[in-house]
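Let's take a tour of a protein model, one spot at a time. Keep the picture open while you read, and look up each residue as it comes along.

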Amino acid sequence: MPCSLRHCRGLTQVLSLRHIGSLCNSSEKLARVQPGTGMSAVAIAFGSNMGDSVANIQAAVRQLPTLGIQVVRQSRLYESAPAYVTDQPTFVNGAIAALTPLQPLELLDALKTVEAASGRNFAGQRFGPRPLDLDIIFYSNQHVQHDRLCIPHPRWQERDFVKAPLLDLFTPEEDLSHSPWQGLAEKLAAVRNIWRPNKGGEVMSAPDLQPFIPLPDLPNWPWQQRTWIMGILNATPDSFSDGGQVKGVLGAVEHACMMVKQGADIVDVGGQSTRPGATRLTTAEEVQRVVPVIRAMRETKALQKVPISIDTFDAEVASQAVAAGAHMVNDVSGGLMDPNMHAQVARLNVPYILMHMRGNPSTMQSMTQYTDTCLEVGQEMQVQAEAAMNAGIEPWRIILDPGVGFAKTGQGNLEVMCGLQQIRSQLKGCLQGMPLLLGPSRKGFLGKLTGRANAADRDYATAAAAAMCISRGANIIRAHNVAAVKDAAAVADALACTAHARHNQH
């Protein structure tokens, strides 16, 4: 799939279109393009199975705007079995939607330029290994028959690794009826109509095709396979549930090992309490609490293959924690409490857990009024996710958390847990299919429901809440008592698989 720049007619024109922007991920970028600009909407599929495939794809996407191809949306990343020539490594696949003034053959030449920059050997085996493959799947609703190019791509219907990413680009609810999107919308509707009867709904995966999130220094994370458990490691003296219980770096490492043995898939290390009314630490104080713990965890053999998350809303803490060995950033403020966070995470090139919250830990419980809780939580998360993407965080690195216990009443927390599908419905593009993380563990509203004043006595209630969240579509559960929630997740996953199989039978 995926000569020179002089073939790219209209480059000056496209780079001057300020209403498109240099990085177009947000829904507002889908506004109508002014008449006479000559922009066309295109869908381009990408693939790689040589070298650092994710890095190859990132470099390509960043190069496209310099050639007159403005990226508007990106799909999730998928790992797929090789097709046609099966004796080769698995592929990383995905797709983008873009706007361009280039005509089809000019666009093809531009994509070949990007492929060449990746080190692609065009004389190599057809369908064989390659560092980068870029294919034009659709060019608006045009049909092109040329000895160098056929549009629509002649094999798109037989390739799940093309269809699934294409369907990530826009949700069915998004309005693409205006110029220049309506032609591409017709083609994407055809993809959706083909996928539905063959794949049984909107779950964009297949046995040989799985969405994943890349993790630094660890294998790709196929998060859709089952529910994942994030164990909570509080290096804080004032956490609402277990503050001060973990003593020193050695105690923290021992607690992390215990949680992993009980079934934790991720360990979330936090040094700043986010309980209501908590006092904010200085950056230096927070770093001193978490960085030695993370370093010690990375040096512990039993933890070396376990992803570590840094729970912080401070961009500098995030940077130092990742340098010490953390694999992802868990930001309870979604970027609201540190204006540098999104740009910092983009530079760190790690997954970003973006949580919904209003205000800060000192003010959030005075900001719990909603007209429609799930609708507004979803909309506000979308706004923050757009800010993150515009700062350079790819959508396929974002995990979303609707923030149980943060700027919500007890009833609001219940509505969030029951309304995850409504929350998802407010998200755009591939964000609608990215993981949802829920953290009801030992929260105060569970204590009020059960009469358990002591947070540590709420583990049965937490397991019930976790099972409910999973039944509504949660992918990751954050928990203090890993063993209890792991059991609840195993039962909930089995029930969900059985229900899905029964649905497909009928």
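Here is a short report on some places in this model, which is a predicted one.

Start with the inside. The largest nonpolar core has 76 residues, and those that touch the most other members are Leu 233, Val 269, Met 297, Val 329 and Ile 477. Helix 7 (residues 283-298) gives this core its largest share, seven residues. Apart from this core lies another one, made of 30 residues, including Val 92, Ala 110, Val 144 and Ile 151.

If you skip its neighbours within four places in sequence, Ile 477 is in contact with Thr 227, Trp 228, Ile 229, Met 230, Leu 438, Ala 466, Cys 469, Ile 470 and Val 485.

What kind of residues, by class, make up its lining? There are eight nonpolar ones, with no polar and no charged residues. They are Phe 46, Ile 57, Ala 60, Val 61, Leu 64, Ile 96, Leu 132 and Leu 134. Helix 2 (residues 53-63) supplies the largest share of this lining, with three residues.

Asn 56 is also found in helix 2. Is Asn 56 buried or exposed? Its relative accessible area is 18%, so Asn 56 counts as buried, the cut-off being under 20%. Its side chain makes a polar contact of 3.4 Å with the side chain of Ser 48. Not counting residues up to four places away in sequence, Asn 56 touches Ser 48, Met 50, Pro 131 and Leu 132.

Next stop is strand 3 (residues 77-80), where you'll find Glu 79. This residue counts as partly exposed because its relative accessibility is 33%, between the cut-offs of 20% and 50%. Glu 79 and Val 92 are 13 residues apart along the chain, yet 4.7 Å separates their C-alpha atoms.

Which side chain does the side chain of Glu 79 join in a polar contact of 3.3 Å? The partner is Asn 220. Leaving aside neighbours within four places in sequence, the contacts of Glu 79 include Thr 90, Phe 91, Asp 208 and Phe 212.

## The loop between strands 8 and 9

Trp 221 sits in the loop between strand 8 (209-212) and strand 9 (228-234). With a relative accessible area of 4%, Trp 221 is buried. Setting aside neighbours within four places in sequence, its contacts include Pro 211, Phe 212, Trp 228, Ile 266, Met 328 and Ile 476.

Asp 217 counts as exposed, because its relative accessibility is 70%. Its phi is positive, about 65 degrees, although Asp 217 is not a glycine.

Two peptide bonds deserve a look. A cis one joins Ile 151 and Pro 152, with omega about -5 degrees. Pro 152 lies in the loop between strand 7 (150-151) and helix 4 (160-168). Another cis bond joins Ser 179 and Pro 180, where omega is about 0 degrees. Pro 180 lies in the loop between helix 4 and helix 5 (182-199).

Finally, check out Phe 127, whose phi is near 65 degrees, a positive value in a residue other than glycine. Phe 127 has its place in the loop between helix 3 (104-117) and strand 5 (133-139).

Technical notes: Residues numbered from 1 in each chain as written. Predicted model: local features only at pLDDT ≥ 70, side-chain atom pairs only at ≥ 80, totals over all residues. Heavy atoms only, no water. 1 Å grid on protein atoms, 1.4 Å probe; cavity = no way out; pocket = protein on both sides within 12 Å on 5 of 7 lines; lining within 4 Å. Helix = DSSP H or I, 4+ residues; strand = E, 2+ residues; numbered from the N terminus. Nonpolar A, V, L, I, M, F, W, Y, C, P; charged D, E, K, R; others polar. Buried < 20%, exposed > 50% of the residue type's maximum accessible area, 1.4 Å probe, protein only. Contact = heavy atoms within 4.5 Å. Polar contact = N/O pair within 3.5 Å; in protein donor to acceptor, adjacent residues only side chain to side chain. Core = buried A, V, L, I, M, F, W, Y, C linked by side-chain atoms within 4.5 Å.
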